[in-house]
Amino acid sequence: MVKRRRKLVSSRKESNPATRIEKNKGALYDDFDKNENHIRAVYSEASDLIFRHFYIAGKQKAVLFYLDGLVDIQELDDSVLSPLMEEFTAEYSGVKELLEKKISVSGVKELTKLSDCVKKISSGCPIILLEGWSSGFALNLTKFEKRAIEEPPAEAVVRGPREGFVETLEVNRTMLRRKIKSPKLKMKEIEIGKYSATPVILAYMDGIADENLIKEAENRLKRIDIDGVLDSGIIEELIEDYPYSPFPQLLSTERPDVATSHLLEGRFVILVDGSPFVLIAPVTIYSFLQASEDYYNRFIISTLIRWLRYVFLLISLLLPSIYVAVITFHAEMVPTSLMIGMAASREAIPFPALIEALLMEITFEALREAGLRLPKQVGSAVSIVGALVIGEAAVMAGIVSAPMVIVVALTGIASFTIPRYSGASAIRMLRFPMILLAGTLGLLGIMLGLITIIIHLATIRSFGVPFLSPMAPLMGSETKDILVRAPWWKLNTRPHLTGKYNKYRQAPGQKPGPKHGGD
Amino acid sequence: METGKISASQMAFMMYPVVIATGIVIIPSITANYAAQDMWLSPILASLMGVLVIFIALKLHQLYPGHTIIEYSVSIIGKVPGKLLGFIYLYFYLLMNAGGTRIYADFVTGAFFKETPLFVILSTIMLVSSFAVRGGIEVVGRSAEMIVPFYVIILTILCFLLVADLNPKNIFPILSDGLMPSIKGAYTPQSWFAEFFLIAFLLPYVKDIQKAGKWSMISLGAVLLGFLATNLSLLFLFGGELTERFNYPLLDAVRYISIAEFIQHLESLVMAIWVAGTFVKLAVVHFALVIGTAQWLNLSDYKPLVFPLGFLTVLVSIWGISSEMESAHYSGTIFPSFSLVVQTIIPLLLLVIAILRKKHH
């Protein structure tokens with residue numbers, strides 16, 4: 001059955017003129033009309049293909065092809081068509097000479113294959129074919145509408161650069177290049193997607209990143225065989241180490257400064273055309289708990305904020321389950337006066353704590369999801385429904401207890417202290433099995449669940465780097481960027497597992513002070 | 001068979017809960033039974049046994065680098081006696097793990113989950129430990145590295161919270177009946193310290209083997225400190241006479257904690273670290289058992305053995321030990337002697353024979 005389907009697919013492929021020509025690796029024909037007809041056959045029924053005949057210097061017949069809307073027409077008219085069409089007498093013997101003498105466009109490429117012509121047209125370059133010559137040329141005059149650079153809404157900062165990546169690969173590439181002006185910043189381009197032919201860039205720092213790591217990343221990218229790449233999320237799922245893990249093993253960010261800092265620590269960055277999210281690997285679990293701002297604020301504050309995040313990570317994972325466990329199994333843990341209040345508010349509630357917690361948590365997740373999907377105009381409706389109906393009315397009606405509402409609200413807030421949304425989602429999801437465990441085995445269940453999560457985290461790796469490093473395996477001096485955010489004049493070495501080929505990132509002894517001059 | 005490698009410091013993290021997890025809960029009352037107010041002295045004496053077995057294990061590994069005791073016992077005393085000895089080791093560690101799981105389960109059911117069937121408590125912790133062992137020694141090592149620091153921190157906090165209730169005068173009179181009671185009291189703890197012989201199964205997988213001795217001693221020192229801290233806290237709190245009457249004196253001590261009428265009833269916290277510590281202990285011993293069995297049977301992979309042997313451990317701890325009383329009796333009398341033979345005397349003899357044979361050649 002599968003075989004037959006494959007056959008069907010492949011036979012359909014054969015009948016597609018585009019693939020037929022791509023398979024015909026042959027050069028352009030000598031016959032001008034044959035070339036033109038071929039290209040027009042490939043783009044049959046494509047109403048946006050524009051072709052225009054004209055005469056070079058009033059003598060040689062030529063044809064221009066381009067896709068409407070992808071090309072800078074003004075520039076095409078001024079720098080290509082008008083110099084070529086005006087009468088000139090200078091002799092030229094080939095495409096190369098013609099290009100050198102007459103066309104004032106910087107990006108030009110000679111084409112000798114039909115398949116290349118088709119590729120260039122599709123990616124937005126106008127091409128010109130000439131009568132009597134078996135070669136044409138492509139002009140890099142691509143221009144299309146792009147989104148302006150904005151501050152990424154999911155990764156806002158108080159202090160730090162406010163620019164974010166956009167959907168256009170060229171713009172994103174430029175943003176990285178503007179931050180790292182060294183030629184050591186390498187960008188390998190790989191095309192992924194049978195139909196979308198999406199350019200994907202693998203960026204890394206030569207001399208800092210491990211060569212084997214880059215080779216491995218390149219291999220994994222080249223292995224991908226897919227119809228189209230719409231977002232970097234698709235690439236992420238196809239190259240990660242542990243596909244069944246709830247934890248993301250590649251970091252996605254919209255911020256160029258985050259991408260740059262990871263490049264300088266010996267990691268690689270994958271930019272995908274059409275996605276403002278770039279992928280970074282190899283990362284550890286701590287990367288999901290670090291915000292870019294940590295490195296721009298004063299280190300003491302950053303350290304405290306980091307610890308606040310660690311605590312709230314635990315709260316967002318465990319608070320509902322601890323509440324359920326305490327109410328169900330370990331009521332003696334709560335101080336008596338508090339327990340009396342809690343028991344009083346739970347008196348009228350018809351559900352056991354486990355059901356109550358699940359009910360409220362699922363409602364919260366639904367509110368979050370709805371808030372995300374709702375059209376902006378009705379957004380305020382959700383907050384009214386959420387705050388009044390779920391909170392106030394449900395408590396008044398005796399469906400949920402007030403402490404439960406507090407617990408769920410606190411948990412919800414806690415999950416948004418995790419700077420990376422993809423990391424926070426994993427934690428939010430794991431909350432539910434933890435609640436179930438707490439409802440069946442109490443604190444014992446919570447511990448068993450927690451241990452299982454630790455075992456899982458100890459198992460997974462991101463491109464060969466243990467996910468819990470540098471805490472497990474413990475690397476003493478590297479905890480300077482995990483347990484605390486050491487001041488910049490102490491962050492002299494790169495992380496060991498990604499930056500060991502170029503250990504030092506700055507000169508030692510840069511602690512400012514009187515002995516360094518000044519008055 | 002096992003391709004993963006751990007560092008010497010990871011080995012130290014792994015060995016710490018092996019000894020202390022079950023030790024601090026049941027050892028104090030057994031020690032107090034013999035040594036009374038001198039119970040703090042017993043762990044110090046018993047730790048000498050730890051030094052000895054670490055020395056033996058390191059020496060044996062030096063003579064046969066990259067091999068566990070299951071493999072080099074065959075090289076030292078010949079194929080049939082060696083295999084027989086290997087079987088004794090596997091049997092011992094199976095019993096030890098079953099006993100450890102049972103102590104854990106009795107504690108949890110006795111103090112917290114009176115209605116929950118023993119089988120559920122036993123099998124859930126064994127399942128979790130088996131997951132870790134299946135992940136390989138690296139996973140066990142890293143999990144230990146993540147868990148043990150919290151274990152130590154919480155234990156320290158609990159001891160500090162007790163400070164207000166402590167009465168240091170309970171320590172007197174020191175050595176009123178001579179040294180003998182403390183030595184008797186050290187007999188049971190010595191078997192716990194002798195569990196450091198488990199490094200004989202871990203040393204082949206240690207990357208920086210030259211640091212193994214140092215880190216083993218650090219781990220031993222930390223264990224000794226842990227025992228001293230608990231024994232002294234209990235002695236200061238209850239006195240020697242009372243400590244022996246409790247099954248789990250540490251739990252009863254924690255019940256004393258009451259600060260500002262808010263921080264109180266921290267027993268559940270004891271259970272939480274108890275679970276975490278037992279998990280690491282079971283995972284390490286189970287790893288030794290599984291890898292030893294695979295080597296004993298000349299298998300190419302140990303992973304298929306993880307869950308069956310885990311199940312066997314659970315069965316032994318249910319059927320092999322009929323009650324909590326028997327478990328305590330076993331830990332206090334039979335196990336120390338068994339351990340003395342298997343974890344100290346036999347390895348010592350093996351070492352002597354190995355050295356003689358090497359000299360002979």
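## A hairpin, a sheet and their surroundings

In the hairpin of β6(A) and β7(A), five residues lie between the strands, and A:G193 takes a positive phi near 110°. Strands here are DSSP runs of E with at least two residues, helices are runs of H or I with at least four, and both are numbered from the N terminus. This is a predicted model, in which local features need pLDDT of at least 70 and side-chain atom pairs count only at pLDDT 80 or more, while totals for chains, interfaces and linings use all residues. Residues are numbered from 1 along each chain as its sequence is written, with chains lettered from A and ligands numbered from 1 in the order in which they are written.

**The sheet around the hairpin**

- β6(A) and strand β7 (residues 198-205) of chain A run antiparallel and are joined by eight bridges; two strands pair if DSSP finds at least two bridges between them.
- Within this pair, A:E189 has A:I201 of β7(A) as its bridge partner, and A:I190 stands opposite A:V200.
- Both strands belong to an open sheet of five strands in chain A, with antiparallel pairing and the order β6-β7-β9-β10-β8.
- β6 (185-192) and β8 of chain A are the edge strands with a single partner strand each, so one side of each has no neighbour in the sheet.
- On average, neighbouring strands of this sheet are turned by 25° against each other, direction ignored.

**Confidence**

- Chain A averages a pLDDT of 86, and 93% of the residues score at least 70; pLDDT is the predictor's confidence in each residue, from 0 to 100.
- In chain A, strand β9 (residues 268-272) has the highest confidence, at 96, and helix α1 (residues 2-15) the lowest, at a mean of 46.
- Please read residues 1-24 of chain A with that in mind: pLDDT stays under 50 there, and the model has twelve contacts beyond four places in sequence for them. Two residues are in contact if their C-beta atoms, placed from the backbone, lie within 7 Å.

**Domains of chain A**

- The domain assignment, automatic or from a database, gives domain 1 (9-139), domain 2 (153-283) and domain 3 (315-466).
- The C-alpha centres of domain 2 and domain 3 of chain A lie 34 Å apart, and their contact takes 17 residues from domain 2 and 14 residues from domain 3.
- On the domain 2 side, α8 (211-223) and β8 (251-253) of chain A each supply at least two residues, with the largest share, three residues, coming from α8(A).
- That side divides into twelve nonpolar, three polar and two charged residues. Ala, Val, Leu, Ile, Met, Phe, Trp, Tyr, Cys and Pro count as nonpolar, Asp, Glu, Lys and Arg as charged, and the others, Gly among them, as polar.

**A helix pair in chain A**

- The axes of helix α11 (residues 299-328) and helix α16 (residues 421-459) of chain A come within 8 Å and cross at roughly 30°. Axes are lines fitted to C-alpha atoms, for helices over the stretch in contact, and angles run from 0 to 180 degrees between N-to-C directions.
- The residues of this contact divide into 15 nonpolar, five polar and one charged.

**Chains A and B**

- 20 residues of chain A are in contact with 26 residues of chain B.
- On the chain B side, α1 (8-35), α5 (118-134), α6 (137-161) and α12 (267-296) each supply at least two residues.
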